[in-house]
Amino acid sequence: MDRSLKMTAAGEADRIRLVEKDTVWRGFVHMQKLVFDQRMPDGRTIRIVREVHDHGSAAAILLYDKKRDSVVMVRQFRPAAFVNGDQSFMIEVPAGLLDDDNAADAIRREAMEESGYAVEKVDYLFDMYASPGTLTEKVSLFVAHIDLDVQAGSGGGLESEGEDIEVLTYGLDEAFAMIASGEITDSKTIILLQWAMLNRTRL
């Protein structure tokens, strides 16, 4: 961490004090109620009550075939999109929770389970928060090169986890255009596709 970030973190610690933390619900997600005291710029202290969802951190990966300039995506049911009345079978990059693994090992596991492609060398890009106002989930983003002709398994996810995943292949330009068309709305997928377009010459 550079000096400016350390100074920022130290300043934040002086401004925020956790007063109370309670579990509201524990199921697929862990919902916590948090009570903070926050010191405002004018010196006043205000009390803030928030709920956050905590189900652990995750990793996601862009699987790229350089020879074909193509990417592998997956399509699966997402209940939150369903509740919103949107397209609930969403097109995304392979991703999953870390569980007890480090991010690199977790994404190798998830890539194989979801897409059927075995990847050894995965290049870490950066971390992101999708919705830090309510979610603790931090997603580590990766990219890996594959050969579309060399698929170690069928993918599709784990039946024991209720997964029903379709494996898809798109040209990079086609996949990127699906953001503007509204066919791809998942944030981690949008970020990875944008990264790929910005860094295409060195992919």
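How much area is buried between domain 1 and domain 2? The views below come from a predicted model, and the answer is in the first of them.

**View 1. The boundary between domain 1 and domain 2 buries about 340 Å².** Carbon and sulfur atoms give 51% of this area. On the side of domain 1, the residues that lose the most area to domain 2 are Val52, His53 and Asp54, which together make up 76% of what that side buries. Contacts between the two parts involve 4 residues of domain 1 and 4 residues of domain 2. The count of salt bridges between domain 1 and domain 2 is 0. The size of an interface is often stated as the accessible area lost when the parts come together.

**View 2. The chain is divided into two domains, domain 1 (16-54) and domain 2 (58-199).** A distance of 31 Å separates the C-alpha centres of domain 1 and domain 2.

**View 3. An open sheet is formed by 3 strands in the order β1-β2-β3.** The pairing in this sheet is antiparallel. β1 (16-26) and β3 (45-54) are the edge strands, and each pairs on one side only. From one strand to the next, the twist averages 20°.

**View 4. β1 and β2 (residues 30-39) run antiparallel and are joined by 9 bridges.**

**View 5. Residues 96-117 carry the UniProt annotation "short sequence motif: Nudix box".** The annotation comes from an unreviewed entry. In the model, this span is 59% helix and 9% strand. The end C-alpha atoms of residues 96-117 are 15 Å apart.

Technical notes:
Residues are numbered from 1 along each chain as its sequence is written. This is a predicted model: local features need pLDDT of at least 70, side-chain atom pairs count only at pLDDT 80 or more; totals for chains, interfaces and linings use all residues. Side-chain values use heavy atoms; hydrogens and water are left out. Two strands pair if DSSP finds at least two bridges between them. Helices (H or I, at least four residues) and strands (E, at least two) are DSSP runs, numbered from the N terminus. Axes are lines fitted to C-alpha atoms, for helices over the stretch in contact, and angles run from 0 to 180 degrees between N-to-C directions. UniProt positions are given in the numbering used here, feature names are shortened, and annotations may be inferred rather than shown by experiment. Domain bounds come from an automatic or database domain assignment. Contact means heavy atoms within 4.5 Å. Buried area is the accessible area (1.4 Å probe) that two parts lose on being put together, summed over both. A salt bridge is a side-chain nitrogen of Lys or Arg within 4 Å of a carboxyl oxygen of Asp or Glu.
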